[in-house]
Amino acid sequence: MFIFTDKLEKNQDIKIEENQKQIIFSTVKNEKIINWLKNHGFPESFIEDIQSEDQSITYEETEDFKLLILKYIKFDEEENLLYDDSNVVIIITKDKFFVLAEEKEIVTELAKKFEKRYKNQEFEYVTYLIADILIDNTILIIDVIDEALEDLEDSIFHENIEEDELQKDIYYARRTLNRISKVTIQEKDVINRAYNRFPPTIRKKLKYEFIDINEHLKYLINESRTLLDRTGYLLNLHMGILSTRMNKAMQRLAAISLIFLPLTFVVGNYGMNFKYMPELDWKYGYLMVWIVNLTLAGGIFIWLKKKKWI
């Protein structure tokens, strides 16, 4: 899809030139690239591995090529706070640098960001640049999650919050942060291994660039773990507020029961079928029972108000 030569030319139609230094961005299933790999001694098993999304983050090196597989963290189109990852395959030969991904959108985004920062350097610098672009993208995802968790924390205290949506968002955030933490730890190890295989002069030249990458990776590891702890706090806070609301509801029900309990007792007494009950023949007996009931109910209601039960 995109080709960068020493003259920084970009073409949509991939033309792989022999004995010419090229940086090529494309999909992993591009037939021209697959045929080129086969014609240059890459086995079928290698091609199957780079085309499989199940392939984990890795670094391999032989006399003829270097293979580096990193992860691109992307937004999920359907669910908020749920992110997915996709493989970014880097294949480095003597005069070819391939950057391959499953989706065209990822390839296009990587190529555009690369073009803005490209300085016509050796392939080791290009390796740093691609890794830095992927890490910066993950930092963006972390920042988005951080802002989303702040919004969730504010919404927890609202009465009209949709509890199912809140719990789902917290679950997706935890799932994403767990994934980012694991991916970042693996990428830190793989990138350092790749850097340590550079020639001494290149390592010295790119020393501070890779120190910067390591600082970003440390930030991602620490921040993802911090936000993961925060999601646990939000979940506990939400459950605590739900428990408080439930307790208040039960308290109100208990208060209502407390008001009607003595009234039930009074009415129950006059529901007994005894022959001799003085109030039954009294002219104002019915009115007196009402006065007693209202007095009891009013007195208990005022007492409960003072106790802030209702």
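Helices here are DSSP runs of H or I with at least four residues, strands are E runs of at least two, and both are numbered from the N terminus. What you see is a predicted model, where local features need pLDDT of at least 70, side-chain atom pairs count only at pLDDT 80 or more, and totals for chains, interfaces and linings use all residues. Residues are numbered from 1 along each chain as its sequence is written, and side-chain values use heavy atoms, leaving out hydrogens and water.

**Stop one: Gln51**

Select Gln51, found in helix α2 (residues 44-51). Gln51 is partly exposed, at 25% relative accessible area (buried is under 20%, exposed over 50%, partly exposed in between, with a 1.4 Å probe and protein chains only). Lys29 is 22 residues from Gln51 in sequence, yet their C-alpha atoms are 6.9 Å apart.

**Stop two: α4 and α5**

Next, select residues 123-155 (α4) and 163-196 (α5), whose axes come within 11 Å and cross at roughly 155°. The axes are lines fitted to C-alpha atoms over the stretch in contact, and angles run from 0 to 180 degrees between N-to-C directions. How do α4 and α5 run relative to each other, roughly parallel or roughly antiparallel? They are roughly antiparallel (over 145 degrees; under 35 is roughly parallel, 65 to 115 roughly perpendicular, the rest oblique).

Finally, show side chains where they meet: among them are Ile135 and Leu149 in α4, and Leu166 and Ile180 in α5.

Definitions and conventions
Contact = heavy atoms within 4.5 Å.
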